[in-house]
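Subject: Structure handover

Hello,

Here is the structure I said I would pass on. My notes on it follow below.

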Amino acid sequence: MLSFECDYNLGAHPKILEALVKTNMEACPGYGNDPYTARAKEKIRAACKREDADVRFLVGGTQTNRIVIDSMLQKYEGVISATTGHISAHEAGAIEASGHKVLTVPQYDGKIKACDVEKLVSNFYAKPTYEHEVFPGMVYISHPTEYGTLYTLKELREISALCRKLSLPLFLDGARLGYGLMSLDTDVTLADIAELCDVFYVGGTKVGALCGEAVVFTHNNAPKHFFSIVKQNGALLAKGRLLGVQFDTLFTDGLYFEISKNAIERAEDLKKAFADKGYRFFKNSPTNQQFIILEDAKIKELSPLVRFEIWERVDEDHCAVRFATSWATTKEDIDALYRII
């Protein structure tokens, strides 16, 4: 069966597996104090063009979002997010479980606007009883968004400028960052993100790694004793080398960007395949997630042949479904899908 339901349905890029096997019998210090993790940090700093960046490694996206947000907020603060933001809609209340409310603002194809953030903060402090409510303490965005859309450099600069004006750290969820950076429609670079955000992460789980996210604190602003906070949350790997080796490999000879580009190229092929067959699109996504409108009967017909994800209902007889390409999707996969649809 063809599988397009997500971008983490396979294991890892062969070069990562080779590196893990090659280093398997080397005795290394634990908890990320190994030479591979140190080398991976240096390579990520270089890619970000931030020599002073503090790079830390965690296992998965929800874990990363929860720990970063919890460690940077005061107990009485919440985090601002789009209504469709991953932390608001797809993480089972992980942020709220840590004691921080997700404060939502409107979404525009998955993105937020600086003016809505400013309005939320202004309205909060305009209330005489604001101390009885949850303080806005951080802004969360994702790039790409849940709809595969991207912030322009202008939009990112506007949000960043407002965050600095209001003294709110800006956190960018980069679970699919590679696919955003390699999109044909983007004008945002990794260096731009490192300059404009206070913290972000480079996603590995969805971009070729077995697991792992590289958190980058960009302005000498890592929370005090972040190492201890990670351990307190049960997220510190004794065999931290497992993450270090993977990111060392991903950031050697541009592999991370090369395999991300493959996902974009196959997504363009997939988009053309559906367009040629006369299908309508729910969103105009420039990244690896493509949203197609299908009749319920067509969903039932296709489901035994190809895996995809039902995203949301459009009307009584149609749903928006998501087809996701990945670092490993091949032209043969797209050709086979074309024949099926």
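The radius of gyration used here is taken over C-alpha atoms, and the globule rule is 2.2 Å times the number of residues to the power 0.38. For a chain of 341 residues that rule puts a compact globule near 20 Å, and the chain has 20 Å, so the two agree. Please keep in mind that this is a predicted model.

Overall picture

Along the principal axes, the C-alpha atoms fill a box of roughly 60 × 55 × 35 Å. The secondary structure consists of 14 helices and 13 strands. Of the 341 residues, 54% are buried. Among contacts with a separation of 6 or more, 72% are between residues 24 or more positions apart. The accessible surface is about 15,500 Å², and carbon and sulfur atoms account for 50% of that. There are 40 positive and 46 negative charges, and their mean positions lie 3 Å apart.

In general, the strands of a sheet pair through backbone hydrogen bonds, either parallel or antiparallel.

Going through the pairs in that order, β9 and β10 (residues 289-295) are joined in the antiparallel sense by two bridges. Here Arg 280 is opposite Ile 293 of β10. The antiparallel pairing of β10 with β13 runs over seven bridges, and in it Ile 293 faces Ala 320 of β13. Between β12 and β13 there are four bridges, again antiparallel, with Glu 312 opposite Ala 320. A hairpin of four residues connects β12 to β13.

How well covered is strand β13? Seven of the seven residues in β13 (residues 318-324) are buried. This holds for both faces: His 318, Ala 320, Arg 322 and Ala 324 are buried on one side, and Cys 319, Val 321 and Phe 323 are buried on the other.

The cut-off for buried is under 20% relative accessible area.

Lys 283 sits in the loop between β9 and β10. Its relative accessibility is 17%, so Lys 283 counts as buried. Beyond its neighbours within four places in sequence, Lys 283 contacts Asp 109, Tyr 147 and Phe 291. Lys 283 and Gly 148 are 135 residues apart along the chain, yet their C-alpha atoms are separated by 8.4 Å.

Lys 111 belongs to the loop between β4 (102-105) and α6 (114-126). With a relative accessible area of 14%, Lys 111 is also buried. Leaving out residues within four places in sequence, the contacts of Lys 111 are Pro 106, Thr 145, Thr 149, Leu 150, Tyr 151 and Glu 155.

Asn 65 is part of helix α3 (residues 61-72). At 0% relative accessibility, Asn 65 is buried. Not counting residues up to four places away in sequence, Asn 65 touches Ile 87, Glu 91, Ile 95, Tyr 140, Phe 171, Asp 173 and Tyr 201.

Backbone points to check

Most residues other than glycine have a negative phi, and most peptide bonds are trans.

- The peptide bond from His 143 to Pro 144 is cis, with omega near 5°; Pro 144 is in the loop between β5 (135-142) and α7 (153-166).
- His 225, not a glycine, has a positive phi of about 55°. The residue lies in the loop between β8 (213-217) and α10 (226-232), and His 225 is exposed at 54% relative accessibility.
- Asp 253 has a positive phi too, near 55°. Asp 253 is placed in the loop between α11 (241-250) and α12 (255-276), where its relative accessible area of 76% makes it exposed.

Regards

Terms used:
Residues numbered from 1 in each chain as written. Predicted model: local features only at pLDDT ≥ 70, side-chain atom pairs only at ≥ 80, totals over all residues. Heavy atoms only, no water. Buried < 20%, exposed > 50% of the residue type's maximum accessible area, 1.4 Å probe, protein only. Contact = heavy atoms within 4.5 Å. Areas by Shrake-Rupley, 256 points an atom, 1.4 Å probe, with all protein chains shown as cover. Lys, Arg positive; Asp, Glu negative; His and termini not counted. Charge placed at Lys NZ, Arg CZ, Asp CG, Glu CD. Pairing = 2+ DSSP bridges.
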